[in-house]
Amino acid sequence: MEVIRWGIAGLGKIASRFAEDLQLLPGNVLMAVASRSAENARQFAAKYRATYWFNTFEALLTCQEVDAVYVAAPHSDHFPITMLALQHGKHVLCEKPMGINSMQVAAMQQLALQKGLFLMEALWTRYMPSFQKVLEWLPLIEPIGEITADFGFAAQVDEGHRLLNKAKGGGALLDVGIYPVFLALQLLHVPEHIFAEATFTATGVDASCRIRFEYPQKAAFASLSCSIVEHTPSQALIKGQRGTIHLAKPWHGWGSVTLHLNDREPIVFVPEKQGNGLWLETKAASLAIRTGKIEEPLMPHWFTLQLAQTLDAIRQLIGLKYEQDRISF
Ligand SMILES: NC(=O)c1ccc[n+]([C@@H]2O[C@H](COP(=O)([O-])OP(=O)(O)OC[C@H]3O[C@@H](n4cnc5c(N)ncnc54)[C@H](OP(=O)(O)O)[C@@H]3O)[C@@H](O)[C@H]2O)c1
């Protein structure tokens, strides 16, 4: 495959950032876009020079000239769009969270495997230079004793917006809490014990959530929090025996990272911003597709599944059930 011809399903905020970044990647073109609204699709296609635009996702997913689909719809639509895309032979890069629950994630991964198609959760943090720096510095401070990480903002949206809408998978945990949970799983792996509590919006989704992961065998713990109703510092701190690593806001993206080794001057890493940052994960996905892989080594299926299972466990503790949890496969 010389050039990967991308399609985008769902044309909101993140879709625009993806389309901009795709222009930074040689060997990748935006072939088609799909929205529920013809006018939105037409304007988006014109702005980002996509050859085709459609007002149904089905039309995009059956387009013969699309090799891979970026799923940028609300959480609730990741599963149906991804399943249909795979059934039509498309590779898929799906926004986070890949599914509403781990049952959906497992079903998507099983279908990708059956069809021999690429599938990846677009969790951009894994590919960002700041996170690479954390991994590089980690051995200098290990063993880790504690991680604290938060991600919170006061969303100024109405009740129908996907963030507050339960049918669309709204709530703090799946939208932003996924980042602190990702960090703890990457650095400390699966906790032995999880504790969690949440406050709820009038629409029945978690407004703010506090989570504690305990790792008694490692003598470590993680204190994580997220919110869609209040601004929080949105930073992360990794405390180790020989020092700390501080990730500044926005730590899940382009934030700086500071290494404080005991009794030494701090060292600061400031990433050089290029594009929106989504090109990094897309470049990795593109290379994997080109080389016939069905998963990307830095974001393998097992990790996405583990992340989804951990989010399920937290939701069970805070008592947050979505309609999608009633359907098993
Ligand atoms: N990696 C990141 O940093 C990052 C950042 C933001 C978001 N995301 C993820 O990307 C996804 C989209 O987020 P976003 O911020 O781009 O959201 P958004 O601005 O609300 O856009 C989502 C788009 O999906 C389409 N859509 C399809 N079915 C829909 C439905 N039933 N209800 C509402 N919209 C529907 C809409 O486009 P049409 O009207 O054109 O159909 C809408 O504009 C989310 O899952 C989110 O977690 C990731």
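This is a predicted model: local features need pLDDT of at least 70, side-chain atom pairs count only at pLDDT 80 or more; totals for chains, interfaces and linings use all residues.
1. How do the residues of the lining of the largest pocket divide into nonpolar, polar and charged? The lining holds 18 nonpolar, 10 polar and 9 charged residues.

2. The largest share comes from α1, with 4 residues.

3. The lining of the largest pocket can also be described by domain. Domain 1 (4–125 + 277–326) gives at least three residues to the lining, and domain 2 (129–269) likewise gives at least three. The pocket is thus best viewed with both domains displayed.

4. The second largest pocket holds about 210 Å³ of space. Its lining includes Asn101, Ser102 and Met103, together with Asp312, Ala313, Arg315 and Gln316. Gly319, Leu320, Lys321 and Asp325 complete the list of residues that line this pocket.

5. In the second largest pocket, α5 (102–115) and α9 (301–318) each contribute at least two lining residues. The largest share is that of α9, at 4 residues. By class, the lining of this pocket has 3 nonpolar, 4 polar and 4 charged residues.

6. How many cavities of 30 Å³ or more does a search of the whole structure find? The search finds 1. The volume of the largest cavity is about 50 Å³. Its lining is made up of 13 residues, of which Pro97, Met98, Gly99, Ala308 and Leu311 are the closest to its centre.

7. Helices α7 and α9 each provide at least two residues of the lining of the largest cavity. The largest share, 4 residues, belongs to α9. The lining of the cavity divides into 9 nonpolar, 3 polar and 1 charged residues.

8. Two cis peptide bonds deserve a look. One runs from lysine 96 to proline 97, with omega near -15 degrees. Proline 97 sits in the loop between β5 (91–95) and α5, and Pro97 is also among the residues closest to the centre of the largest cavity. Another cis peptide bond joins lysine 249 and proline 250, with omega of about -10 degrees. Proline 250 is found in the loop between β12 (243–247) and β13 (257–261).

9. Where does histidine 189 lie? Its place is the loop between α7 and β8 (193–200). Histidine 189 is not a glycine, yet its phi is positive, at about 70 degrees.

10. Two packed helices are described by the angle between their axes and the distance between the axes. The axes of α1 and helix α8 (residues 278–290) come within 9 Å and cross at roughly 65 degrees. Angles of 65 to 115 degrees count as roughly perpendicular, so α1 and α8 are roughly perpendicular to each other. Their crossing is right-handed. Helix α1 is the one that gives the largest share of the lining of the largest pocket.

11. Helix α6 (residues 129–141) packs with α7 at an angle of about 30 degrees, and the axes of the two helices are 12 Å apart. Angles under 35 degrees count as roughly parallel, and α6 and α7 are therefore roughly parallel to each other. The crossing of α6 and α7 is right-handed.

How values were computed. Residues are numbered from 1 along each chain as its sequence is written. Side-chain values use heavy atoms; hydrogens and water are left out. Ala, Val, Leu, Ile, Met, Phe, Trp, Tyr, Cys and Pro count as nonpolar, Asp, Glu, Lys and Arg as charged, and the others, Gly among them, as polar. Domain bounds come from an automatic or database domain assignment. On a 1 Å grid over the protein atoms alone, a cavity is a set of points where a 1.4 Å probe fits but cannot get out, and a pocket is an open set with protein on both sides within 12 Å along at least five of seven lines; lining residues have an atom within 4 Å of a point. Grid points are joined across faces, edges and corners, and a volume is the space filled by probe spheres set on the points. Axes are lines fitted to C-alpha atoms, for helices over the stretch in contact, and angles run from 0 to 180 degrees between N-to-C directions. Angles under 35 degrees count as roughly parallel, over 145 as roughly antiparallel, 65 to 115 as roughly perpendicular and the rest as oblique. A crossing is left-handed if the near helix is turned anticlockwise from the far one by less than a right angle, and right-handed if clockwise.
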